[in-house]
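These are my notebook entries on one protein chain. I set down what I looked up, in the order in which I looked.

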Amino acid sequence: MGYVTRIVIIGGGPGGYEAALVAAQLGAEVTVVDCDGLGGASVLTDCVPSKTLIATAEVMTNFDSSYEELGIIVADDTPPDEMAARIIGVDLGKVNRRVKRLALAQSHDITAAVTRAGARVMRGRGRLEGMQALDGSRKVVVRAADGSEETLIADAVLIATGGHPRELPDAKPDGERILNWTQVYDLDELPEELIVVGSGVTGAEFAGAYQALGSKVTLVSSRDRVLPGEDPDAAAVLEDVFRRRGMNVMARSRAASAKRVGDRVEVTLSDGRVITGSHCLMAVGAIPNTEGMGLEEAGVRLKDSGHIWTDKVSRTSAPGVYAAGDVTGIFALASVAAMQGRIAMYHFLGDAVAPLNLKTVSSNVFTDPEIATVGYSQADVDGGVIDARVVKLPLLRNPRAKMQGIRDGFVKIFCRPGTGIVVGGVVVAPRASELIHPISIAVDNNLTVEQIANAFTVYPSLSGSIAEVARQLHTRKATAEA
């Protein structure tokens, strides 16, 4: 019987469990060390729960915004401006119980898949013990909840411990009125007045969702617009939608503190202004879970932010130690974490592997409308990072959008001037997360706008706008070369 490679994975999120499946498939002896449940924050407190909550909000928004235009009669004796308010309501306790149930079920499914693949799952917290041994192995000490410890010997270790919500010194969450994004699912009643601090992806998603569910929302943004890291045209559309639906968007307003005063919350801004609400959600970023893991003592280099430095095949600075997911600070996306974990195992176990290419990553902001992006961005074009031609087509011109009462959104594609090769794209629309896929395929496979333009699309369909943008880019190329 030959030697079996020993892999220890610390953290059971997408980076960890996907790596475990790959390593087990390739014949390694795999142990996954996790303290909360497989799936990690992505499944238990982040992606799965938040998108489940957003799904309920989406139903509310769609009905509220389109029933009258589409000819739907709700109640003959109810004035038009009161229909939705009278007929529709949200039982947030029931919604959150469903959220938790689905998250737990997904975690159990992942655990079953990993166990079925032959991996061992240990409940506890893992840390690296010392430097690499002379035989190339590593020690991982696992501490269980009861204080007992077990030492594992590994030929390779993958760190995939994720992150946790960042807290402001003077705005500590209490789990009741001042909340972080892991605590909102414990609410039984809908916040009457919700202050959301932070206008990044998490803040924007929750602000939009709770507004749709019926809360009066104030969004506090320290920047001059919401979603400062996203496409500026897309962010402008979303901010306009937020304001039109009644959200109070406070730009260039930095929160200094938040405190509970009875059943209210007071948020003090850096300029001295004070705003009040029934609840406050702090969405001010995340901190990597790297503390107390013996990383630097084991030779793992950390960035100033606490994230783990990795190369494009997920190696850290310590031989035999890899890292994946939010703990690396590359892209806080479950899909990227999973890819990093798989790449790490392919690399260490000698299988064919392609380095991580961030310019093919597609991502989505689950607001209403959604914002999906892939490849090079408008900022890259404006900053001279890449020379590209750009065409943007509003969805207002799309026949299917007209039929469905969709007014907000657009399709934007970036392509190289000479070849017409597609290098990026943005979609702002309902279900943009689905519509971005053909553009992602084009970016990943170096397809041209001609190839997209010549592919059949269903008529009428929202995806028809993707082909139309490609045709406009092709026409502009032909005109420029004439």
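In which strand does Gly-126 lie? I found Gly-126 in strand β4, residues 125-128; strands (E, at least two residues) and helices (H or I, at least four) are DSSP runs numbered from the N terminus.

**Basis of the model.** I noted that this is a predicted model, in which local features need pLDDT of at least 70 and side-chain atom pairs count only at pLDDT 80 or more, while totals for chains, interfaces and linings use all residues. Residues are numbered from 1 along each chain as its sequence is written, and side-chain values use heavy atoms, with hydrogens and water left out. pLDDT is the predictor's confidence in each residue, from 0 to 100. I read a mean pLDDT of 92 for the protein, with 93% of its residues at 70 or more. Over residues 83-87, pLDDT stays under 50. For residues 83-87 the model has 9 contacts (heavy atoms within 4.5 Å) beyond four places in sequence.

**Annotated positions.** I looked up the UniProt annotation "binding site", which comes from an unreviewed entry and covers Lys-51, Gly-126 and Asp-326. UniProt positions are given in the numbering used here, feature names are shortened, and annotations may be inferred rather than shown by experiment. These residues are spread over 276 residues of sequence and also in space, up to 29.6 Å between C-alpha atoms.

I then returned to Gly-126. Gly-126 is buried, with a relative accessible area of 10%; buried means under 20%, exposed over 50%, and partly exposed in between (1.4 Å probe, protein chains only). Not counting residues up to four places away in sequence, Gly-126 touches Ile-10, Val-33, Val-140, Val-141, Val-142 and Met-293.

Lys-51 is in helix α3. I recorded Lys-51 as partly exposed, because its relative accessibility is 24%. Beyond four places in sequence, Lys-51 is in contact with Asp-46, Glu-205 and Phe-366. Its side chain also makes a polar contact with the side chain of Ser-50, at 3.2 Å. A polar contact is a pair of N or O atoms within 3.5 Å; within protein, one must be able to donate a hydrogen and the other to accept it, and residues adjacent in sequence count only if both atoms are side-chain atoms.

**Domains and core.** The domain assignment gives domain 1 (6-45 + 98-165 + 287-358), domain 2 (178-284) and domain 3 (369-473); such bounds come from an automatic or database assignment.

Which residues touch the most other members of the largest nonpolar core? I found Leu-53, Phe-206 and Tyr-210, in a core of 44 residues. A nonpolar core is a set of buried Ala, Val, Leu, Ile, Met, Phe, Trp, Tyr and Cys residues joined through side-chain atoms within 4.5 Å. Helix α6 gives the most to this core, with 7 residues. Domain 2 and domain 3 both give residues to this core, so it lies between them.

Leaving aside neighbours within four places in sequence, Phe-206 is in contact with Ser-50, Leu-53, Trp-181, Val-184, Tyr-185 and Leu-281.

**A buried polar residue.** Asn-96 lies in helix α5. I counted Asn-96 as buried, because its relative accessible area is 1%. A polar atom of its side chain lies 3.4 Å from the backbone oxygen of Val-184. Beyond four places in sequence, the contacts of Asn-96 are Leu-53, Val-184, Tyr-185, Asp-186 and Leu-187.
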